[in-house]
Structure formats: structure tokens, C-alpha cells
Amino acid sequence: MKTLQLQLRFLIPLLVALVLAALVVLPLMDRLNLRWFSRDLTIRGTLVAGALADSIDEAVASGSTARLQALFDRTARDERLLAIGLCSKNGVLLRHSAAYPTSLTCAAAHTTAEQPDHRLELPTGAVHVGVYPAGNNHASGDTLVLLHDLSFVDRRSQDTRQYLVIFIIGLGLVIALITMVVAQLSWRGWVSGMRAILRGEGLIRPLLPPPELQPVVAEVRARLRDLEDEFRRSQGLVTEWDAERLRALLHTQLRGDQVIVVSNREPYIHERGADGVVVKRPASGLVTAVEPVMRACSGTWIAHGSGSADRDVVDANDRVGVPPGHPEYRLRRIWLSQAEEQGYYYGFANEGLWPLCHVAHVRPVFREADWEQYRIVNQRFADAVVQEARGEDPVVLVQDYHFALLPQMIAERLPRATVLTFWHIPWPNPESFGICPWRREILQGMLGSTILGFHTQFHCKNFIETVDRYLEARIEHEHSSISFQGQETLIASYPISIEWPSEAQRSAWPPVAECRRRVFERLGLAADTCLAVGVDRFDYTKGILERLYAVENLLDRYPQWRGRFVFVQVAAPTRSALEEYRSFRERIERTAERIDTRFGTPGYKPVHLLIEHHEHDAVNELFRAADMCVVTSLHDGMNLVSKEFVAARDDVQGVLILSRFAGAAREMTEALIVNPYHVEESADALHRAATMPVAEQRERMGALRMTVRENNVYRWAGRMLADAGRWRLRARIEARVQRYMQS
Ligand code: F6P
């Protein structure tokens, strides 16, 4: 259909051009034809008159009218010459040949002969009228009128017209054919190839820019970059989001109201170690994003206390100031029994909702008992929110799929609270979601939110469609809001991000060369090794297996990398109590071993699996040491690893390979975008990253850094809180108006 439209876009103007050509060119040709022939006939007439001059003089001198008549009749036998007439000085027709139209007066003949085309329409047809001096004595004033037949001119004009029409149609067809071929091959292939290249997609060979296009691609990319820079500059400071601005927003738009965050995972875990209590930071995108926001808000964070020493450090109300050592906000811990954790966290959240929303080909498991625990734990967190609330209208930030029922529960107890729920994982289409036995309860619970956020517009759309399918709710597509049982919820996309490292943080980082030296030494890598890294929780949605297949395929198809390409996968153990995760881990280990056996040599191990939790500094060091970072999620709400890699590369080098199924791919278009299910494409991307010129790396990384820096986590929180502020203002005005009306 698109191609057809494209072709029509070419063909319609072409047809218009042809019709115009026909309308203008044909009459013009006719006129030109007539002019040319008329000029020829005038010359011919002059010759004829010259040739007859002597004979006319002699006939006139002899006084024999019969002789003159015979001369005229003989001359008029010529094929083209229709008739001859002799006019006296004072305009009387003295003599004429038989075919001469007597209705044609000498005066009329003279007038016609003065016209540019000498043409006269007679009942017998069109004639050319020429008037010449008769005989050699021009002083006599007698003139000779010669009438030439013009029908042959019309015939020739018609022939020319026919040839011209055939020529125009033929030309039109040829051009149309060429246009269609160009539209099909060149436009579709060339331009989409060009677009794909600009997006960093299309790594499979047919879409690689042909050598002759490479300068054009570079030029277009440079122009796009200039335009983007210009746009960003024109936006000035308005685009800059940082902790300070977020704090200011909280004070102006939310009037310093209390902010409470609720999440399952806590930002700091106290563990008992051999040397006493140690504090750990969990491997969680959610924590990475919400922690800096919380530090800026100085509110309360309610989370499950899962560390072995968590109880040892809290006060009588289960609260502890964090970050440890220099507290900026309060952490309130909720204790869960084993049965609660099993049913709510492992069972319903991670065996049910997680695979349901990720659609990563792992079957969701739903058990009544898990659902029951999920409900109970949600209620316990709702109670905690009420306990922690200082007033009746706090701003509550509910995080993730562990708390689908919580918004409704809070709304029932604190109806004036503003509940911002953020769903950190994808939202599936209505059919996929429909298999959940408690789909209505979950949707109703979520619609207790004032604002419900997803990473992408696509997930918002899926959610709205799901509500449309399973609940009797009023949906306002124009405002992207849903009204259900008197409560209105705004559905919006807020792409989450990271805190951009400050100048002070960056200056504390060891230089890239030093990071590389340390990592290479630790892993025993040869100096000329190309190092690729992956950093994930050990989750089946992250595409780790597909990544290993891509590495294997690279070593298979590009043997020059054997001995020189090393892939390091950091995998933080997660949800190991679940069978699905345990068997996934075993599969990864087996695959890594197989690749190492197949391509490894003494001193060379292509795949290094580091199955342990790495603290932020260690991950940062690895990112800085690597030539590329590989993110191949099969489905991911956002994926913050990709953003952390970019933030770590202040040397503006390194290549990001990113799955098209991660929300991050929508923003980070300068990464090499891959379909992780397509092993060869991913392997090609590894090769392309490993051979990417320094200048291109700088260009891509520079753009990515600008994107992440601007769209940082403060912007994410700021946009959500600003929307909440507007909402609260509206609610306050409405309440005031209502009070006024009642008084
Ligand atoms: O992706 C959603 C998310 O909540 C992340 O924030 C986090 O990385 C993960 O899921 C939760 O992991 P865990 O179950 O270990 O808390």
C-alpha cells in the first residue's frame, strides 16, 4: 500500500505534466507549421509571379484577353496553385482562372495577404492568399492574386500531431516505468537503508551502506547532529534537570508536601558478614532510579526489609536513616514472613506477573494461594503508608508490579493522597494479559492511582486497551485518562533514567586506561583483546543466552576474532529460589562452557561468566575498560544498564549494542540496534562494534551521552511530580469551588 502511494506520488504529477504538454505543445506545433508553410508559399508565389511577368506583359500588350485567360488557366493546373486573379490598380478583378472564387474581392485578397499567415477559409477549404505585382511594369499598380491550396498543410499538421501524441505517450510510459522501478528499488531500499543506518539499525549485510553512499551517510548524520545541537542550545537551561531543580519543583508545585515511596526492593540492605554488618546496594534498576529522587525529596521510603541484619539497625518503628553515615531520607522496613515472601514476591509477582508482562516465552504460573498472599502484603504496605503519612494528602510514589492493588487500597484510606504509580516492566496486549485469573482486580487496583506511568507510549496504549477490554470504564483518549467508579487516572509515559554522574564523581574515577589495565590484568587478557561486556541480573528476560549464541556465531563466521575477542558477562544472582531461574542459570553455564571448549586455547577463554553481585564501582570500572557493552533483552521496560554504560564513558568511546525490545531503544537510537532473536544480526553487530572507527564511536557515544544526560532521572521524576502538582492544584480549586457553592 505504501509503495503504491509512493508510486502515485510520482505518477500523478507525471500525468499532469503530460496533459499540460499535450495542451500546450500541440497547438503551438500547429501554429508553427502554418507559419513555415505560409512563408514557403509566399516565396513560391513570388517565383510564380516573376515567371509569369513577361507572359502577362505580352498578353496585355497584345490586347488579347483570350491569351491572358489561357495563360491563367494553364498556370492554375499546378497541383498546389488553386487559382489566379488579376486586379486593377483601383481594385477591380480584371481576369481570373476558372477556379477563382468570384466572391473574393481584390480588396479582401489584399487584406488577407497582409495577415501573418495569409490564410483564408473558403467553402471549398483553406487557401493561402498572396498578392504580387503583375508583369514587369510595377508602376501600373496591377496586382496578381495567387491562391494556394492549404489542405496539405492541415494534413501534414495532423500527421505531426499523431506522431507527437505517440511520442508523448511513449515518453510518459518510459518515464513512468523508470519512476516505478526507482520508487520500488531505490526509494524503498536506498532510503530505508539510509534511515536504518541513521538509526544504527540494519546491521545485516543488505542494509549496510554501500561504499559509494558512505560519504553521504556521514554527511547526513553530521547535519542531523548539528540540527540537534542547535535545537538543544535553543532550549537552553530549560532542558537541564538536576536534584536542585527537582527540589525547587517540590517546594513550588507541591508546596513541600510529604513524599512517600513504596517499593518491594529496599535501597540499602544490611547484611551480617564475617566482619560485622555490611551495607549492600541491590542490583535493581528501580533502586538506581528512585534513590537520587528520594535524596532530593527527603521523604520516606517503605520497602521490604530483606537483609539478614536489617532488623539490627532500625529504630522502634522499623525506621533507619539512609544513606548510612549521612542520612538524607528515612527507610521504613516491612517484615515479611516466609509464607508471605513466597506467595507475594516469588509466587504471584515473579512467577505470575513477571512472565505475563514480559512475554518472554516463559509460561506464567497463577496460584490462588499466591494471589491471597499478594493481597495481604499489599494491604500491609497500605497500612504502613497510612502510618507514615504526616497529613491526609501525601504524594505516594508506588513502584512496580509488586503493588498492583496498593493504589486502590491507599485511595480508600487516604482519599486526598496523590498516588503516582510507576510500572517498571512492560505492559502486554489485552489478549496476553487476559490469561490472568485476577485481571479485573489488578486493573481496578491500579486505577486507584492518580497518575499511572509506563516507560513508553506503547505500554500506555496496551494498558488502556486492556482496561477497555475488561472493565466498564470511561476512557478519554484525547487526555489519555480513564475514569472508573468516580476516580480519574491519568495514563502517561515517563521514560525512566539514571542520575548523571557529577563532575566530582567523575573526577574520582580512575582513567579509562587504568580501568582497562586493571580489568585486563584481573581476567588475564592479552593486550590486543577486544572486550565486550554484559551486566545484568541473571534473568531469562535479559537475552543472555541469545548473547552467547551471538558470540559463538561471531567466532564461527569471523575467525579473525578467535583468540582476540572476549565476552565478559556479569550476572547478579536473582530469584534463585525459583526453579525457572535455576535452570536458566544452568543453561547459561553449559552454553558458556561449550563455547569456551570449542574456541578456547591455553591462555584464551572467549566467555567469562562472573556470577556474583558487583558493586557500582566495579561495574563502572568494567564499563570503562570495555570496547562495547551488549544489552540484548528479549523484552525490557527500559533497561538502565545501557544508560549506565553511556554515563561511564566520559572518554566518548565504546559502542553500545542494544536490543530493539528494550524501552531504551526508543531514545538511544545511536546505539547499534539489534533483534536478539536474530543471532547472525547480533554477531554482525559485534563485528561492526569491534571494527568501528574511533570517529564514529565518538559521534555515536557523544549523541548518546547528550540524550541520557538531558533525559536523566530528575527529569523522569520532575515530569511526574509536575503532573501531580497540576493535578493537586486542580483538585484544590475544585474543592474550594464546591465549598463556596455549598456556603
Ligand atoms: O525491572 C523492574 C524491576 O523492578 C527492576 O527495578 C529490578 O531490577 C527488578 O525488576 C527487580 O528485581 P528484584 O526482584 O531482584 O527486586
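Buried residues, meaning those under 20% relative accessible area with a 1.4 Å probe and protein chains only, make up 52% of the 743 residues in the protein chain. This is a predicted model, in which local features need pLDDT of at least 70, side-chain atom pairs count only at pLDDT 80 or more, and totals for chains, interfaces and linings use all residues. Residues are numbered from 1 along each chain as its sequence is written, and side-chain values use heavy atoms, with hydrogens and water left out. Here is a friendly tour, starting with the whole chain and then moving to the ligand and some selected places.

**The chain as a whole**

- The protein chain has 23 helices and 23 strands; these are DSSP runs numbered from the N terminus, with helices being H or I of at least four residues and strands being E of at least two.
- Among contacts (heavy atoms within 4.5 Å) with a separation of 6 or more, 72% join residues 24 or more positions apart.
- Accessible areas come from the Shrake-Rupley method with a 1.4 Å probe, and for residues only the protein chains shown count as cover.

**Around the ligand**

- Which residues surround the ligand? They are Arg265, Ser284, Gly285, Leu286, Tyr345, Trp354, Asp400, His424, Ile425, Arg537, Thr574 and Arg575, where a residue is near a molecule if one of its heavy atoms lies within 4 Å of it.
- By class, this shell has four nonpolar, four polar and four charged residues. Ala, Val, Leu, Ile, Met, Phe, Trp, Tyr, Cys and Pro count as nonpolar, Asp, Glu, Lys and Arg as charged, and the others, Gly among them, as polar.
- Helix 7 (285–297) and helix 9 (338–358) each supply at least two residues of the shell.
- Domain 2 (243–332 + 391–493) and domain 3 (503–711) each give at least three residues to the shell; the domain bounds come from an automatic or database domain assignment.
- An oxygen atom of the ligand is 2.9 Å from an N or O atom in the side chain of Arg265. For the side chain of Tyr345, the distance from a ligand oxygen atom to an N or O atom is 2.5 Å, and for the side chain of Asp400 it is 2.5 Å.
- Taken alone, the ligand exposes 390 Å², and the protein buries 90% of that.

- Most residues other than glycine have a negative phi, and most peptide bonds are trans.
- The peptide bond from Val322 to Pro323 is cis, with omega near -10°, and Pro323 sits in the loop between strand 10 (319–322) and strand 11 (329–334).
- Arg575, although not a glycine, has a positive phi of about 45°. Arg575 lies in the loop between strand 19 and helix 18 (579–599), and counts as buried because its relative accessibility is 9%.
- His361 also carries a positive phi, near 65°, and is found in the loop between helix 9 and helix 10 (368–388). Is His361 buried or exposed? His361 counts as exposed because its relative accessibility is 65%, and exposed means over 50%.

- In helix 19 (residues 616–625), seven of the ten residues are buried, namely Val619, Asn620, Glu621, Leu622, Phe623, Arg624 and Ala625.
- The cover over these buried residues includes helix 16 (512–523), strand 18 (530–537), strand 19 (565–572), strand 21 (628–631) and helix 20 (641–648).
- Helix 11 (residues 406–413) has Leu406, Pro407, Met409, Ile410 and Ala411 as its buried residues. Strand 6 (259–262), helix 13 (439–446) and strand 17 (487–493) are among the elements that cover them.

- Glu667 has its place in the loop between strand 22 (655–659) and strand 23 (672–674), and counts as buried because its relative accessibility is 19%.
- The side chain of Glu667 makes a polar contact with the side chain of Lys643 (2.9 Å). A polar contact is a pair of N or O atoms within 3.5 Å; within protein, one must be able to donate a hydrogen and the other to accept it, and residues adjacent in sequence count only if both atoms are side-chain atoms.
- Arg119 is found in strand 3 (residues 119–122), and its side chain makes a polar contact with the side chain of Glu121 (3.0 Å).
- At 24% relative accessibility, Arg119 counts as partly exposed, the class between under 20% and over 50%.
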